[in-house]
Amino acid sequence: MKASKEIINTVLGIVFAVCLIFTLLISSVELVCYYNPGYFEREYEKYDVLSRLPEMTMSDEDGLMKVTEHMMDYLRGREDELQVYVMMDGEERGFFTDREIAHMEDVKDLFMGAIFLRRLAVATAAVIVIILGAIHKKVGKVLGVLSRGMLVGTVASAVICGVFGAIIATNFTEAFVTFHHIFFDNDLWILDPSVDMLINIVPEGFFFDTAARILGIFVGSILVLCILSALYLRHMRRGRQRSKQNSAN
């Protein structure tokens, strides 16, 4: 009975950790892309993006920032259509080509799918907490199970992040291409910079910087949880030791 209970604790703890870690991953992406004021403009200036566009300004009224804000709202489902009209070459015109629009529909599906899975992960984690609460009846024991699960999940995440970090640092181009082959079943992501403006505003350097920021936030948040989990387990262990000493006396 005790062994089966321990197995249940271990499984639930690890599943909780996986759900929480996935939630942190998607939230890290969202934090960099949506809650990082001025990030896109700084990146555009860093890579001199405007020099690749036909007489376009950085304006958020009729220029590049308007395109960016509209595009990011589209990816979150806040805009129904991707196309946005801005001033280019002294006239108002649609920024995106049909190929770009088709590709960004795929990107939107991927992004919205990730958001849905995050909600599912949060719901699953909440159910696990409720189940553990029903089993153990005490908050301290529930936190102990979750902390052990987090330590196991952290080790696995550290290995995965280390591998991805090494790939990004050594051969980002290959990693970028592999990512697209995995998540897209077409070649719409292969764009022509002489026709498609999207590839001009987000060059490879932009993707590298963004991936590095996401990885940094993700790893940092996991490390914080790992440290808190380890400290709590240490606190529990000392508590048990004090209880044994008091019983002996």
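Predicted model: local features only at pLDDT ≥ 70, side-chain atom pairs only at ≥ 80, totals over all residues.

Me: How many salt bridges does a search of the whole structure find?

Reply: Side chains of opposite charge can pair when their charged atoms come close. A salt bridge is counted when a side-chain nitrogen of Lys or Arg is within 4 Å of a carboxyl oxygen of Asp or Glu. With that rule, the search of the whole structure gives a total of 4.

Me: Which residue forms a salt bridge with Glu 30 at 3.1 Å, and which parts does the pair tie together?

Reply: Helices (H or I, at least four residues) and strands (E, at least two) are DSSP runs, numbered from the N terminus. The closest N and O atoms of the salt bridge from Glu 30 are 3.1 Å apart, and the partner is Arg 76. Because Glu 30 lies in helix H1 (residues 2-34) and its partner in the loop between H3 and S1, the pair ties together parts that are 46 residues apart in sequence. The partner asked for is Arg 76.

Me: Is Glu 30 buried or exposed?

Reply: Buried means under 20% relative accessible area, exposed means over 50%, and partly exposed lies in between (1.4 Å probe, protein chains only). Because its relative accessibility is 10%, Glu 30 counts as buried.

Me: Which residue in helix H4 is linked to Glu 30?

Reply: The side chains of Glu 30 and Arg 118 meet in a salt bridge of 2.7 Å, N to O. This pair links distant parts of the chain, 88 residues apart, with Glu 30 in helix H1 and its partner in helix H4.

Me: How far apart are the end C-alpha atoms of helix H5?

Reply: The expected span of a helix is 1.5 Å times one less than its number of residues. Helix H5 (residues 139-170) has 32 residues, so it should span 46 Å. The distance in the model agrees with this, and it is 45 Å.

Me: What is the accessible area of the nonpolar patch that includes Val 155?

Reply: Patches are made of residues with over 30% relative accessible area and no salt bridge, where like charges are joined within 9 Å and nonpolar side chains (Val, Leu, Ile, Met, Phe, Trp, Tyr) within 5 Å. Val 155 is found in helix H5, and because its relative accessibility is 56%, Val 155 counts as exposed. Together with Val 159, Ile 160, Val 163, Phe 164 and Ile 167, Val 155 forms a nonpolar surface patch of about 550 Å².

Me: Which helix gives the largest share of the positive patch?

Reply: Lys and Arg count as positive, and the positive surface patch includes Arg 148, Arg 240 and Lys 244. Arg 240 has a relative accessibility of 46%, so it counts as partly exposed. The largest share of the patch, 6 residues, comes from residues 204-248, which form helix H8.

Notes:
Residues numbered from 1 in each chain as written. Heavy atoms only, no water. Areas by Shrake-Rupley, 256 points an atom, 1.4 Å probe, with all protein chains shown as cover. Charge placed at Lys NZ, Arg CZ, Asp CG, Glu CD.
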